[in-house]
Amino acid sequence: MGTVCVVSDDELVERVRSAVRRFPESQRVLAERIGLDSTKLSKGLNGTRRFTPEELTRIADAGGVTVNWLINGADDLETVASAPQRTAARSPERSDRYHQILDAAWHMIAERGYHSVRVADVAQACGTSAATIHYHFPGRDDLLTEALRHSVKQAFDRQVAELHVIDDAHERLLRLVELQLPSPGPLRMEWSIWLQVWNESALNAELRVLHSDSYSRWHDTIARTIRQGQQQGVFADTDADEMTMHLTALIDGLGIQVITERPGRSVELMRRVLHDFVEREVVRTTRTRREET
């Protein structure tokens, strides 16, 4: 069972400084890269201003680390979210060119569709050659595989950044729901990647294994939150895995309807339906049972 880790501000700031030092360009360029005023970045690095969850996520990506490492000191530490078996985290072993290619491919696949993206398109977007793309990604399937890992890392980073300060399991579960809504921007693009991975996984056994591992991480994160809520006495004493199966299936089904723009489906409606499910099936059952006893 994961728990909320208590990390000192000094420890967090020191690890953020280390991540910033890994960035290959100046601090000013980094500030521009993560969309943060350079003065605010300096104050954060001096410990006079706290970084927001979104800022920590962007700093982790730019510095080649995970948010889990920034906050807890380890990439694979099991805390508020289940850690992925392997992510596309930036590392010294992988060049900036590799990650430039991955970022370009990720955006193109999300926006155009996997089968509409050619290696030549990625090469043109990166200002390099097709041979360079093939050097880092031998086959086109490798681009989709790493795009999925990239999406998993982004989701994991967001969850750790947002949830590590939330001890109440009910509040945390609602926040997890919010982080999974296909809202315009990166979240909708991640949904696009997942939708294509689901399709390709039906035909590609190797991708199916990676998809299963990645989805298990999401399932485990929800399940551990439900179990914690049961320990806190705010959730019903039911089978956490079974409840997770129902909730994730509902999220998947509604998300697909929203992203494919089924008439009458929206992010707002999806949020309302999911909140109602949590209150009716996960929370209210507890209250009803207490009233009955």
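**The cavity and its lining**

The structure, a predicted model, holds 1 cavity of 30 Å³ or more. On a 1 Å grid over the protein atoms alone, a cavity is a set of points where a 1.4 Å probe fits but cannot get out.

The lining consists of 17 residues; a lining residue has an atom within 4 Å of a point. Nearest the centre lie Ala155, Gln180, Glu190, Trp194 and Trp218. By class, the lining has 9 nonpolar, 4 polar and 4 charged residues. Here Ala, Val, Leu, Ile, Met, Phe, Trp, Tyr, Cys and Pro count as nonpolar, Asp, Glu, Lys and Arg as charged, and the others, Gly among them, as polar.

Helix H9 (140-163), helix H11 (186-201) and helix H12 (205-232) each supply at least two lining residues. The protein has 14 helices and 0 strands; these are DSSP runs (H or I, at least four residues; E, at least two), numbered from the N terminus.

Now confidence. The mean pLDDT (the predictor's confidence in each residue, from 0 to 100) is 86, and 90% of residues reach 70 or more. Residues 1-6 fall below 50.

Residues are numbered from 1 along each chain as its sequence is written. Local features need pLDDT of at least 70, side-chain atom pairs count only at 80 or more, totals for chains, interfaces and linings use all residues, and side-chain values use heavy atoms, with hydrogens and water left out.

Technical notes: Contact means heavy atoms within 4.5 Å. On a 1 Å grid over the protein atoms alone, a cavity is a set of points where a 1.4 Å probe fits but cannot get out, and a pocket is an open set with protein on both sides within 12 Å along at least five of seven lines; lining residues have an atom within 4 Å of a point. Grid points are joined across faces, edges and corners, and a volume is the space filled by probe spheres set on the points.
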